[in-house]
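Dear colleague,

My notes on what was found in it follow directly after.

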Amino acid sequence: MKRVLLLLPAALVSFAITAPALPALAISQGNITVSLQVFATIAGADGTPQDVVSANDGTGRLFVTTRNGKIDILSSSGTALGTFLNMPSSSVPIFTGGEGGLFGLAFSPNYATDKTFYTYQTEPYLAANTPDFSGPELPITGPPAVNPSNQITLRKWTTSSNPNVANTSSTVILRINHAVDTNHQGGSLRFDSNGLLYMGLGDGGGGDDFGSSDGANNNADGHNNAIGNGQDRTVALGKILRIDPNGNNSANGKYGIPASNPFVNDNTPGLIKEIYAYGVRNPFRMSFDPATGKLWLGDVGQGQREEIDNVTSGGNYGWPFREGTIAAGVQRTLPPGFTSLPPVADYAHTDGNAVMGGIVYHGSLIPNLAGKYVFGDLAGTTGTTGRLFYMNEAGGTISELKYQTGAGLVNPTGQLFGFGQNDAGELFAFFSNGRILAIVPEPSSLTLAAFAAVALPFLLRKRR
């Protein structure tokens, strides 16, 4: 089954485990109440927000990637500071078909001094742009010719002497041919505490890790028909890659392959040594918990389950043979003896249809959320309105946040596209209508001084 979710890269991860299928627990409202306040609204012409990132350079600014290829800047209070980068105007075309666009943004851990940042986007397929990796079978010269639908591209940029304006030149660090479908692009881009860069790649689209045109019978769709791209470690799709952007021992000489990567000493022909973990369908949203170093991933299920994973070095998360805690797919049969890592939690489609991975909360304004993983679902039970969840890692019980009502407060409106955080660890959720909502305490739980610090920027802006 193929599901296209309103121009958003659908995430879907399955993984196989040895335990029997587990019933999914219904998600009920928890006992934590928060307020949602409109922090900023991104102009529709820029495309929907896809990532909200702090440069951690002491300025408090937030950078918002948009689907059409722009990066907008917001002040710490949500005031628009202009366009940081317009990629199409910088001679970088953006593929926005299907679920394509500009998704990921990661600032160098040393950004305050080196002014370097990286972007993850889909670009139109051009035969002249030689890829570093490609889906199997593609391109085919024909007749008939069969080409990838787009190219997933990692670029390195720098900031100009004006801290609110990026330089317009960039360097391609890594280019990967997608399969023939235009969904499951991936999109996550995050640094760990050691300065290594992680890149989440979808399986290439279609259903069951087959191309959508004719499923298992198609030998020119960019998928491994036997075990799927997710399980094929000679294919970059359906993986979490880890690279050292300051190294040069890669095949193209533009980045390093860390010596600690799990398969760096595996000499299987064609094996991609940049792989950190595999068996994922579309790792669209992931984040590191700075307190534990754990990598959290949310992956949207194909037809039945949504899952949350802790991603570990060398881990196999089972796609295309597992979806959450159950066997996956109508075109795939679970191989005898197949094992992989279970999720921390999963939930059924009675509670939503596409998980949006989130962030472990370490802010100070909402003590009840401390150490909890805050995430959500794209469209919830209505198909149009996102839901905001939280959970403890231990036990994996998922609860829905309560929303305080009142003047200046809102409920989620539109589909949920993801989460961001500021330098202080306070959280934001962003939506299909362009709204970026600050997740703040319910007013009754705040001291007067803390409430003023949080609410004043919003109240002042409402009066303008």
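**Salt bridges**

The side chains of Arg305 and Asp346 come together in a salt bridge with 2.9 Å from N to O, a salt bridge being a side-chain nitrogen of Lys or Arg within 4 Å of a carboxyl oxygen of Asp or Glu. This pair links distant parts of the chain, since Arg305 belongs to strand E17 (residues 305-311) and Asp346 to strand E20 (residues 345-348), 41 residues apart; helices (H or I, at least four residues) and strands (E, at least two) are DSSP runs, numbered from the N terminus. Arg305 counts as buried at 10% relative accessibility, and Asp346 counts as buried at 13%, where buried means under 20% relative accessible area, exposed over 50%, and partly exposed in between (1.4 Å probe, protein chains only).

Before going further, please note that this is a predicted model, in which local features need pLDDT of at least 70 and side-chain atom pairs count only at pLDDT 80 or more, while totals for chains, interfaces and linings use all residues. Residues are numbered from 1 along each chain as its sequence is written, and side-chain values use heavy atoms, with hydrogens and water left out.

A search of the whole structure finds ten salt bridges, and two others deserve a description here. Asp351 and Arg387 meet through their side chains at 3.0 Å, N to O. Asp351 lies in the loop between E20 and strand E21 (355-360), and Arg387 in strand E23 (residues 387-391), so the pair ties together parts that are 36 residues apart in sequence. Asp351 is buried at 7% relative accessibility, and Arg387 is buried with a relative accessible area of 10%.

Salt bridges that share partners also join Glu123, Arg155 and Arg175 into one network. Within it, Arg175 forms a salt bridge with Glu123, the closest N and O atoms being 3.4 Å apart. Here again distant parts of the chain are linked, with Arg175 in strand E10 (residues 171-177) and Glu123 in strand E7 (residues 116-124), 52 residues apart. Arg175 counts as buried at 7% relative accessibility, and Glu123 counts as buried at 2%.

**Strands and sheets**

The secondary structure of the protein comes to three helices and 27 strands. An open sheet of eight strands has the order E21-E22-E23-E24-E1-E27-E26-E25, with mixed pairing, two strands being paired if DSSP finds at least two bridges between them. Its edge strands are E21 and strand E25 (416-421), each of which pairs on one side only.

In this order E26 and E27 stand side by side, and four bridges join strand E26 (residues 427-431) to strand E27 (residues 435-441) in an antiparallel arrangement. Ala429 stands opposite Leu437 in E27.

Elsewhere, strand E4 (residues 70-74) and strand E5 (residues 80-86) run antiparallel and are joined by five bridges, with Thr83 in E5 as the bridge partner of Asp72. The hairpin of E4 and E5 has five residues between the strands, and Gly78 takes a positive phi near 95 degrees there.

**Aromatic rings**

The structure holds 18 aromatic pairs, counted where rings of Phe, Tyr and Trp (its six-membered ring) have centres within 6.5 Å, with planes under 30 degrees apart taken as stacked, over 60 as edge-to-face and the rest as tilted. One of them is the edge-to-face pair of Phe107 and Tyr111, with 4.8 Å from centre to centre and 70 degrees between the planes. Both Phe107 and Tyr111 are buried, and they belong to one aromatic cluster together with Phe63, Phe84, Phe117 and Trp157.

Lys115 lies over the face of Tyr111, at 5.3 Å from the ring centre; a charge sits over a ring if NZ of Lys or CZ of Arg is within 6 Å of the ring centre and within 35 degrees of the ring normal. Likewise, Arg285 lies over the face of Phe284, at 3.9 Å from the ring centre.

**The chain as a whole**

Buried residues make up 59% of the 464 residues in the protein. Among contacts (heavy atoms within 4.5 Å) between residues at least 6 apart in sequence, 65% join residues at least 24 apart.
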